Amino acid sequence: MRLWVLLSLLLLQETLPHVIGQPARSKRPKEPGENKIKPVNKKVKPKTPKMKERESADSSLKSQSILTQVMDKGRFQKLAATLSLSAGQSIELRCKGSNVTWNYPSYLDTFKDSRLSIKQLDRYGQLILANSTAADTGEYSCWLQLCNGNKCRKDETKMGSTYIFFTDKEELFVPTPSYFEIVYLNPDKPAVIPCRVTTPSAKVTLHREFPAEEIETDGTDIIYDVKKGFVYQHPTSDHKGIVYCKAESQGAPQISIKYHLLYVEVPKGPPSTTIAASSNRAEVGDSVHVICTVLGEPDVDVNFRWQYPGQESERPVIIQNFWRLINRGTGHTTRISKSVLLVEDFEARDAGNYICIAQNLQGETTVATKVELN
């Protein structure tokens, strides 16, 4: 029996030489990560590479907002299209870039307000407005200037803009320096009644003074834009008269200043200009007036330039420019602009052609008259 057991053990040892009592074989070095357990039958979503911010096919043409607001504790916030702050708060805006230009409510420049500070630093432009008031409500924007020598242009791809409401329950309408304003109604362009509010949620209505009535705003011909006021899309002579706005916001209604709407109908184009001298023949020692007159639109400025015989010899002359509005009796209003050149103590060198050049946004017109010495 013992012999049979011994033979069985010897046979098993030959069949499995490395299972019992045998040293292990030398193993090859493991590759990095070879012993990691890999999941079986697990669905893996393919990773989508992240696109860079503002990366697109037309990224070179897309505008980048460079305007931010400086918050407390050194934080920055990109600005939306509108921002509401309480009157009395101060605000700091920054625009990235080494050559930044700013735009803001024009009255801050008109009155040279010391509350406004603008600086250009190495990497950004800075605008600080301290102790804000309701009158500061308006658009604040900036852009980079691209310069080549003395010539500069706006970089349309790097700019920023926001409209800031400085809310004041005592001043629902943005204050204006006057109590009465003229608005010209031109048949070929929209007209704006600029009764802007400091609180964007205020309810605003438009009213005619006589006959006393509310003017319906249908959202088509007359609309209200909280950043502009009431807009007449297609002005007619029926709209002329005196109007005002009324605003309500959690309290008693407030009334705006009054606006006088004048209808205008003057052909567009270069100035319609005439010239005339007080006399086309003068004696030595006479005073001679030469008058250049332009008939045009009430809200279109006209610039005058003169050429006259004694100009090269620096002959002293007096030039006065002025304008006034006239009503043509049919509900239409026209502007008469004049430039008067006065020659005192007429001399021989003053004889010759007097040339007036009148210019507006549409072009310029040149007229002339001759003054001779008797």
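**Note on the predicted model**

1. A polar atom of the Thr162 side chain lies 2.9 Å from the backbone oxygen of Ala80. That is within the limit for a polar contact (a pair of N or O atoms within 3.5 Å; within protein, one must be able to donate a hydrogen and the other to accept it, and residues adjacent in sequence count only if both atoms are side-chain atoms). Thr162 belongs to strand 10 (residues 151–167). Helices (H or I, at least four residues) and strands (E, at least two) are DSSP runs, numbered from the N terminus.

2. This is a predicted model, in which local features need pLDDT of at least 70 and side-chain atom pairs count only at pLDDT 80 or more, while totals for chains, interfaces and linings use all residues. Residues are numbered from 1 along each chain as its sequence is written, and side-chain values use heavy atoms, with hydrogens and water left out.

3. Is Thr162 buried or exposed? Thr162 is buried, because its relative accessible area is 1%; buried means under 20%, exposed over 50%, and partly exposed in between (1.4 Å probe, protein chains only). Leaving aside neighbours within four places in sequence, Thr162 has contacts (heavy atoms within 4.5 Å) with residues including Leu79, Ala80, Ala81 and Tyr140.

4. The mean pLDDT (the predictor's confidence in each residue, from 0 to 100) of the protein chain is 82, and 80% of its residues reach 70 or more. Helix 1 (residues 2–15) has the lowest confidence, with a mean of 48, and strand 16 (residues 229–232) the highest, at 96. The pLDDT is below 50 over residues 3–7, a stretch with zero contacts in the model beyond near neighbours in sequence. Residues 30–44 are also below 50, and that stretch has two such contacts. Where pLDDT is low, the predicted coordinates should not be read in detail.

5. Strands 7 and 8 (residues 124–129 for the latter) run antiparallel and are joined by five bridges. Gln126 in strand 8 is the bridge partner of Lys119.

6. Another open sheet has four strands in the order 21-27-26-23, and its pairing is mixed. Its edge strands, strand 21 (281–282) and strand 23 (303–307), each pair on one side only. Strand 21 pairs with strand 27 (residues 363–373) in the parallel sense, over two bridges. Arg281 has Glu372 of strand 27 as its bridge partner.

7. Asn280 sits in the loop between strand 20 (272–277) and strand 21. With a relative accessible area of 40%, Asn280 is partly exposed. Which residues does Asn280 touch, not counting those up to four places away in sequence? They are Thr369, Lys370, Val371 and Glu372. The side chains of Asn280 and Thr369 are joined by a polar contact of 3.2 Å.

Technical notes: Pairing = 2+ DSSP bridges.
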